[in-house]
Amino acid sequence: MIITVTLNAAIDRTMAVPNFRQGNRHRSVESRSVAGGKGINVARALALLGRPVIAAGLAGGPTGQRLNEELSEEAILHDLTPIADESRINVAVVDPTSGEQTEVNERGPEVSEEEVEAFVERLDYLARGASICVLAGSLPPGVDPDLYARLVRDLRQREVTVVLDSEGEPMRAGIRAGPSVVAPNVLEAEELVGHEFEGPGDLSAGLAQLLELGAGEAIVTRPEGCVAAVGEPPERGFYAVTTPSLDPVAAVGSGDALLAGYVAARYDGASPSECLAYGVACGAESTQHFGAGTVDPEAVGRILAEVEVRELEVPAEVA
């Protein structure tokens, strides 16, 4: 079983609004609401790809009830620990005329220490039957930023492969705990290492720094694909993975679909480069749908044939 963890789950509403301009009144031409948050998006994509997955996390109030109902309607196995405060609602506005998207995310509910402990106990139970666990997204306000680090350590004791995708202090604390894989986007990776990536050399050096911070492997997602340092030493490779650009319907959650594809291929025992290629194909295909984490497996197969995987120069400190 693969577990995904979403501690700040949400109902995600995506609207298509042509010629969107701030301060004006608009009418959407299309909209969709789904259960969301990064881990749930990953779970949706994994389920569509036919992998065994269960979405864990926190949910509360009428929005939390709707989260459970939406996941049941999509036939996504889930085990959301109940909380007293209400889960959040996020809104994304996609302008089909320009391809731009604007996102407004609520901060999320207040979560008590007792509710956190109830979740930790539940995750420990689920982890007994898991091979991979994806910890993804922000933490609700007031939750100890070391929570991801704690979960990484607990899951490692159960010999579960841990994939971490977050930002800010929860990500910094989590990477120091030694997750198997970290998967930030470029901006999040730059924040972690403390400098911008201005060229191929910076990308390789940045990946090496993520490994030095504590990650076993590192994937940095980009609009055109990803760069990554994957595999166990001495076979570890540094790669840049790209695919021809597609005209997006909506790019919301494409990084989550990329991560889901990578996890799906890793679950199947594929090689590191094959996992990256499949992930990039899934991320690209997801941009053709409304609703984060939606992928068409057949279309992914067609895109996969066009994915380019090339090796990056290995930094001297790693070599």
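Biologist: What does a search of the whole structure find in the way of cavities of 30 Å³ or more?

Modeller: In this predicted model, the search of the whole structure finds 1 cavity of 30 Å³ or more. The largest cavity holds about 40 Å³ of space.

Biologist: What makes that space a cavity and not a pocket?

Modeller: The term cavity is used because a 1.4 Å probe fits at its points but cannot get out, whereas a pocket is an open set of points.

Biologist: What is the volume of the second largest pocket, and which helix gives the most to its lining?

Modeller: The volume of the second largest pocket is about 170 Å³. Helix α3 gives the most to the lining, with 3 residues. Both α3 (113–127) and α4 (147–157) supply at least two residues each. Among the lining residues are Glu113, Val116, Glu117, Leu147 and Arg150. The classes are 4 nonpolar, 2 polar and 5 charged.

Biologist: Why are α4 and α5 called roughly parallel?

Modeller: Their axes cross at roughly 25° and come within 7 Å. Angles under 35 degrees count as roughly parallel, and α4 and α5 are therefore roughly parallel to each other. Their crossing is right-handed. Tyr148, Ala149 and Val152 of α4 make the contact with Pro170, Ala173 and Gly174 of α5. Of these residues, 5 are nonpolar, 1 is polar and none is charged.

Biologist: What residues of α1 and α8 meet?

Modeller: From α1 there are Lys38, Asn41, Val42, Ala45 and Leu46, and from α8 there are Asp256, Ala257, Leu259, Ala260, Val263 and Ala264. This contact has 8 nonpolar, 1 polar and 2 charged residues.

Biologist: At what angle do α8 and α9 pack?

Modeller: Helix α8 packs with α9 (residues 272–286) at about 145°, and their axes are 7 Å apart. The crossing is right-handed. Residues that meet include Leu258 and Tyr262 in α8, and Leu276 and Tyr278 in α9. The contact has 10 nonpolar, 5 polar and 1 charged residues.

Biologist: What kind of peptide bond joins Pro233 and Pro234?

Modeller: The bond is cis, with omega about 5°. Pro234 is in the loop between β12 (225–230) and β13 (237–242).

Biologist: What is phi of Ala75, and where is Ala75 placed?

Modeller: Phi of Ala75 is near 60°, a positive value in a residue other than glycine. Ala75 is in the loop between α2 (61–73) and β5 (78–83).

Definitions and conventions
Residues numbered from 1 in each chain as written. Predicted model: local features only at pLDDT ≥ 70, side-chain atom pairs only at ≥ 80, totals over all residues. Heavy atoms only, no water. Contact = heavy atoms within 4.5 Å. Helix = DSSP H or I, 4+ residues; strand = E, 2+ residues; numbered from the N terminus. Nonpolar A, V, L, I, M, F, W, Y, C, P; charged D, E, K, R; others polar. 1 Å grid on protein atoms, 1.4 Å probe; cavity = no way out; pocket = protein on both sides within 12 Å on 5 of 7 lines; lining within 4 Å. Points joined across faces, edges and corners; volume = space filled by probe spheres on them. Axes fitted to C-alpha atoms, helices over the stretch in contact; angles between N-to-C directions. Left-handed = near helix turned anticlockwise from the far one by under 90°. Parallel < 35°, antiparallel > 145°, perpendicular 65-115°, else oblique.
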